[in-house]
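Please walk through this structure with an eye on its charged side chains. Where do they sit, and what do they pair with?

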Amino acid sequence: MTKTAERRPPAPAAVPPVPAPPPAGDRGRRALADQARAYGFLLGGLICFALFSWYPAIRAVVIAFQKYTPGSPPEWAGTANFTRVLHDPEFAAAWRNTLTFTLLALLIGFAVPFVLALVLNELRHARAFFRVVVYLPVMIPPVVSALLWKWFYDPGTGLANETLRFLHLPTSNWSNGTDTALVSLVLVATWANMGGTVLIYLAALQSVPGELYEAAELDGANLLQRVRHVTVPQTRFVILMLMLLQIIATMQVFTEPFVITGGGPENATVTVLYLIYKYAFLYNDFGGACALSVLLLLLLGAFSALYLRLTRSEGDA
């Protein structure tokens, strides 16, 4: 009888030895080298940001307290620039026009994007097409958009009045009338900038749970009631943030008055930023321009601080 060879289990594979951790000093040097490499990549961006953002801002604050004329050495003037600017008759008109523009932009330019977002959210067909159509004005350069609207508002052969004549309706002076110029500019700014706002609202609306709408429908809520009791409470944070950002943006309006109306008629569309431009490049008064810039900076800084506080509190919640 042959004896069957006894089978032995294969030998286990050799486990490689675990390398010893590097000394604490090597780890520290390696972490320091990684940080130095990261800051090296950021150095170019930091230098550009410092040269083109921080330095001009600090320099403007310094010039606000100086008598500065290009070609001559600056002289310390204290608060004389602020006093002169505050007593300028155009100062009150510029702030009144800016605040009125901001208020009208909130009434018109804040409600229209929200309504459009609601309509787009309810569409079942061609939703992508209408999103592109709504966002298209944002892709047009601001100066080109303002020039198109300047031709549109032309009281003689402009498309607006030609359309009114075709419909046998009374025409308007649009941007050439003291009573209608500011409203006309608000319509231009709303049309040119609402695309991004609509998309943000649309993203917020699509994040609302559908069960809430179903429960509201079962309770017999109509469309307006669903918007009031479901949509607005669920998107209130986005609405508040966009409102603050819109206030900050509209208080810096410049392109529309500069291109379409030139601040007229009769200073009806002179804004704070346009007045800064006039002080610097028409009056050659850089001290007054920087003083106006500092005043605008303080006001916008308050709104920015409020925005940061609200976003931080919402993030902590």
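**Charged pairs and a buried asparagine**

Arg84 counts as partly exposed, at 37% relative accessibility (buried means under 20% relative accessible area, exposed over 50%, partly exposed in between; 1.4 Å probe, protein chains only). The model is predicted: local features need pLDDT of at least 70, side-chain atom pairs count only at pLDDT 80 or more, and totals for chains, interfaces and linings use all residues. Residues are numbered from 1 along each chain as its sequence is written, and side-chain values use heavy atoms, leaving out hydrogens and water.

Side chains of opposite charge can pair when their charged atoms come close. The structure holds four salt bridges (a side-chain nitrogen of Lys or Arg within 4 Å of a carboxyl oxygen of Asp or Glu).

One of them joins Asp285 and Arg84, 2.6 Å from N to O. Asp285 lies in the loop between helix 13 (272–282) and helix 14 (286–316), and Arg84 in helix 2 (residues 80–86), so the pair ties together parts that are 201 residues apart in sequence. Helices are DSSP runs (H or I, at least four residues), numbered from the N terminus. Asp285 is buried, at 16%.

Glu90 pairs with Lys278, also in a salt bridge, with the closest N and O atoms 2.6 Å apart. This pair links distant parts of the chain: Glu90 in helix 3 (residues 89–108) and Lys278 in helix 13, 188 residues apart. Glu90 is buried at 12%. Lys278 is buried at 11%.

Asn121 sits in helix 4 (residues 111–122). Asn121 counts as buried because its relative accessibility is 15%.

Methods:
Helices (H or I, at least four residues) and strands (E, at least two) are DSSP runs, numbered from the N terminus.
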